Amino acid sequence: MTMETIAKTEAPPFLEVKNYRKRFGENEVLKGISFTLQKGEVLAIIGSSGGGKTTLLRCLNFLEIPDEGELYLGGERLFGADEKVKVSDARVREKRLHFGLVFQQFNLFPQYTVSKNIMLAQTLLAKQDFAQKKAAFAAARRSAPKEKRTQLKAEHKKILTEIRSGQKEAIEKKTLSLLERVGLSEKKDAYPYELSGGQQQRVAIARALALSPDILCFDEPTSALDPELTGEVLKVIKGLKSADSTMIVVTHEMEFAKNVADHVIFIADGLIEEEGTPEEVFEHPKSEKTQAFLRKSLEELF
Amino acid sequence: MKKLVALVCSLVLLVSGMALFAGCNEIGIPDEEGYTIKIGYTEYEPMNYYDDDGNFVGFDTEFAIKLCTDLGYKYEFVLLNNWATKVVDLNGGTIDLIWNGMTITPDLQESILISTPYLTNQQVLIAKSDVLSQYSTLEDLLNATVIAVETGSAAETLVKAIEGMPESKVRPVQSQARALMEVGSNQADVAVIDYTMAISMTGEGTNYTDVGWKDVGFEEEQYGIGARKSDAAFMEKLNAKIAEYQESGYLTELYNKYFVTEEEGTTNS
Amino acid sequence: MTFWSIVAELGEGFLVSCEIFFITLIIALPLGLAISFGSMARWKPVRAVIKTIVWIVRGTPLMLQIMIIYYAPGLLFNVRGINNFPAVIIAFGINYACYFSEIYRGGIESISKGQYEAGQVLGMTKGQIFFRVVLLQVIKRILPPMSNEIMTLVKDTSLARIISVIELLFVAETFTLRGIIWPLFFTAVFYLAFIGILTIVFGRLEKKLNYFKV
């Protein structure tokens, strides 16, 4: 174990997925998927529907728990199916925060404005943080001598007020900059139903970015959109690449995968059929299945 | 299409409205043979009830059937779902007569027409047998926590009239049978009901073997038959028949059949 | 008796009806939520027990339930049972909680899985997802059926009279015994006024939640 860890620190891939397997009842959807990803890279996952792409993405985000396999992020072992101890909800949530996920169906919260959608998770995390600090202060006061407590209380109160307003300011600033990044600053007070599908998906991207995940995943981000709306979303994703975000994109848009991805994986029947650079996969596919898939998606295009 | 639907709808409304009117004949017992008199009753032993073989019998049942037949009328027994609304039912034409061991009270005499008395009754106290000995006078009722009485009955009036009786102790329930159930389920310490009912529904051979009854000195009262004030002509004929039956001994015969049991209660009936 | 003294007496009965109404709501609204969670529980025996209870309660008349709670302990075990007002409250509370639970369940199950998953990937706890994300959407969805059910409750309070809780209709019926009939029909004014207020309140609530679409 120790040897292995050392070996990894020498040439560390940012993300390493080892032998992910997942079955639903009789149906084995992932049959042993392994891949690595470097920081700042964009990985495109292609393949026909039902091949396991979405399941893989859901496993990375811990929406599903793989039956077998391991996951390392930045050299840290984040998941191992062999761990017999049941992981607490709180631990799972912590792990999830390394990943962001943009859904096919956007899944914005309909009762909140655009900016509240983006702020909500940040606010909740900040509150949690605040509560912890407050508890720590209270503990410190309890161990302090009695006569000093009132003075301490006043001090702590002041610090806490500062922390709170600092948090609020930071969240608002971040939200505004994210909205600018997805080009929707003027829609910050709109409700989701007032936006077009493309705009909603851009808000969803901003929402996922708000927690600064290490890796941002997209589950067919444009397939629920009218063709004329896909462009604006893809443009935003492209923009993220130039900002050095690490991303995994499950997509049907072959052109987009070709132009944006650093690395392409073709998944068929729960296995990686072919992988490589976009040139390798799209121009010189070795596997027959890949060739057939690419031919078919070209035909659909014209 | 819409017009057609509207037309059909209004037709249906019209027809049902007409049917409603057609159902509204003038209320009253006509002076002609063959009219079906609707007799309002509630089911209770021994006045109107079903015996073990499922026959509809009872003092008032037999009495009413004989009287109607003798006068040349047909009859129909209409079950009142609520004794409290009997006057509404009578004036509304749902029934023509109230004939169900009805105690004559001044209040009732004001709102409806009541026949000459045909039976003498008394209110008695009922309680679980083991506590029955604690009650022997009207004043003893003050020691009870809850006294169940049929709402609107003579018992309610009498109990509330006991000197020093707080209203909170008196629990008005829907029927005499309910009052009995209150005692049976320990929800009331005692109940006050008709003697006629108490002897037939408590003690050995009934559903309330552990409930007994006792005369605690309530005044005697009289049963009468109720009719609408507008049916005075019919009431005359009815009173004449009652007098006839008293003369002939028919009512005594009925009384012996339904009230005189082998073992008498602890009262001086 | 003057008109106003009779109306005043009816008003006293109406206050009792209102008491039954509000206490029932206070009990049944949260209890219904608990029951709806039970009926969606992952553990099968819990689900089976809850569903059986809901079936029995929804499958028998409320009037019968009131009488069972009131009379059964005394008749079966010869003990002094529950007083009439508490008995009514228990029967109404359980009965309405069961009806509410089914409305809640329908509302909760109608929320798409995506809303939960969106909350999950944003690191929210189950409680945060329920209270911050799902609840308001559920409320918006269940408002029309809930307002229906709550209006039925107003009128069902009259069932309490069968175990001598002196509510509005009971008072009116005692007037008919004295030969005064109109109060019986006059009770409709009280019920209609109450329902009218509820209609306005629920209309406002619905309008208030119109700012977003589910």
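This is a predicted model: local features need pLDDT of at least 70, side-chain atom pairs count only at pLDDT 80 or more; totals for chains, interfaces and linings use all residues.
**View 1. Two domains of chain B sit with their C-alpha centres 24 Å apart.** Domain 1 comes in two pieces, 36-120 and 222-259, while domain 2 covers 122-220. Where they touch, domain 1 of chain B puts in 13 residues and domain 2 of chain B puts in 16. On the domain 1 side of that contact, you'll find 6 nonpolar residues, 6 polar ones and 1 charged one.

**View 2. Chain B meets chain C.** Here 18 residues of chain B are in contact with 18 residues of chain C. Which parts of chain B each supply at least two residues of the side that touches chain C? Look for helix H3 (86-91), helix H4 (106-111), strand S9 (170-173) and helix H6 (176-184). As for the kinds of residues on this side of chain B, 9 are polar, 6 are nonpolar and 3 are charged.

**View 3. Chains A and B don't touch.** Even their closest C-alpha atoms are 35 Å apart, and no contact joins the two chains. Which chains share the most contacts, out of the 2 pairs of chains in contact? That would be chains A and C.

**View 4. Chain B has a stretch with pLDDT below 50.** Averaged over chain B, the pLDDT is 86, and 87% of the residues score at least 70. Residues 262-269 of chain B are where the pLDDT is below 50. In the model, this stretch still has 8 contacts beyond near neighbours in sequence.

Definitions and conventions: Residues are numbered from 1 along each chain as its sequence is written. Chains are lettered from A and ligands numbered from 1 in the order in which they are written. Domain bounds come from an automatic or database domain assignment. Two residues are in contact if their C-beta atoms, placed from the backbone, lie within 7 Å. Ala, Val, Leu, Ile, Met, Phe, Trp, Tyr, Cys and Pro count as nonpolar, Asp, Glu, Lys and Arg as charged, and the others, Gly among them, as polar. Helices (H or I, at least four residues) and strands (E, at least two) are DSSP runs, numbered from the N terminus. pLDDT is the predictor's confidence in each residue, from 0 to 100.
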